Amino acid sequence: MKWISVFAFLLIALYHPVQATSIEVAFLGYSNHYVDRDYDYNERHKLIGFSINNGFSVANFTNSYNRKSTLVGWKFQTDDAVMLSKLSFDAGVVLGVVTGYKQDEIITYINEDISLYLIPELIISYPITDTISLSLVNGIVPDSKGIILMHHLELSFDDLF
């Protein structure tokens, strides 16, 4: 499934009528579970993901139940970030579908193949150069038994084409 995701991403990137002006690479995913503490959740997710123009997104990771998951979705972000020195603070949401979960593991379960993925995010970014920035992306997932805080790093490359 990982290679299908990468192939789909490349097809859209190469043949999409709108040229990509930015590409984001997500990595080092981890989470904190404030839910059922009797279960030994995986909190290191072996995440690799890509986004085009802060929009179409695809990611592959090991989920909290130690199963491979693939996410295909769309990122939405506010237009104006709050600046504090060189740091920028931005809000967003990722909406899409994800694989790898069973019915009792996720409240947005659709069927045995996919679940809805809806994650509000707070993004803290620092510019490395004029066109490259490093971000810490923090998401929150409501669960029927509590909440899950999700985090990953993201390297953004702007003004590519």
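A search of the whole structure turns up two salt bridges, a salt bridge being a side-chain nitrogen of Lys or Arg within 4 Å of a carboxyl oxygen of Asp or Glu. The model is a predicted one, so local features need pLDDT of at least 70 and side-chain atom pairs count only at pLDDT 80 or more, while totals for chains, interfaces and linings use all residues. Residues are numbered from 1 along each chain as its sequence is written, and side-chain values use heavy atoms, with hydrogens and water left out.

One of the bridges pairs the side chains of R67 and E105, at 2.1 Å from N to O. R67 is partly exposed at a relative accessible area of 25%, whereas E105 counts as buried at 12%; here buried means under 20% relative accessible area, exposed over 50%, and partly exposed in between (1.4 Å probe, protein chains only). K75 and E154 make a salt bridge too, their closest N and O atoms being 3.2 Å apart. Again distant parts of the chain are linked: K75 sits in strand β4 and E154 in strand β9, 79 residues apart. K75 counts as buried, at 8% relative accessibility, and E154 counts as buried at 7%.

As for the overall layout, the protein has one helix and nine strands, where helices (H or I, at least four residues) and strands (E, at least two) are DSSP runs numbered from the N terminus. Along the sequence the pattern reads α-β-β-β-β-β-β-β-β-β. Of the 161 residues, 39% count as buried.

On the surface, V72, W74, F76, L95, V97, I110, L116 and L118 make up a nonpolar patch with about 670 Å² of accessible area together. Patches take residues with over 30% relative accessible area and no salt bridge, joining like charges within 9 Å and nonpolar side chains (Val, Leu, Ile, Met, Phe, Trp, Tyr) within 5 Å. Strands β4, β6 and β7 each give two or more residues to the nonpolar patch, and the largest share, three residues, comes from β4. L95 belongs to strand β6 and is partly exposed, with a relative accessible area of 38%.

Then there is the second largest pocket, with a volume of about 390 Å³. A pocket is an open set of points on a 1 Å grid over the protein atoms alone, where a 1.4 Å probe fits, with protein on both sides within 12 Å along at least five of seven lines; lining residues have an atom within 4 Å of a point. Its lining holds 22 residues, and S88, S125, S133, S156 and D158 lie nearest the centre. At least two lining residues come from each of β4 (68-77), β6 (87-98), β7 (115-127), β8 (132-143) and β9 (146-158), with β7 supplying the largest share, four residues.

Most residues other than glycine have a negative phi. K46, however, has a positive phi near 45 degrees; K46 lies in the loop between β1 (22-34) and β2 (48-52) and is exposed at 66%. N54, in the loop between β2 and β3 (56-62), has a positive phi near 50 degrees and is partly exposed at 29%.

Notes
Grid points are joined across faces, edges and corners, and a volume is the space filled by probe spheres set on the points. Accessible areas come from the Shrake-Rupley method with a 1.4 Å probe; for residues, only the protein chains shown count as cover.
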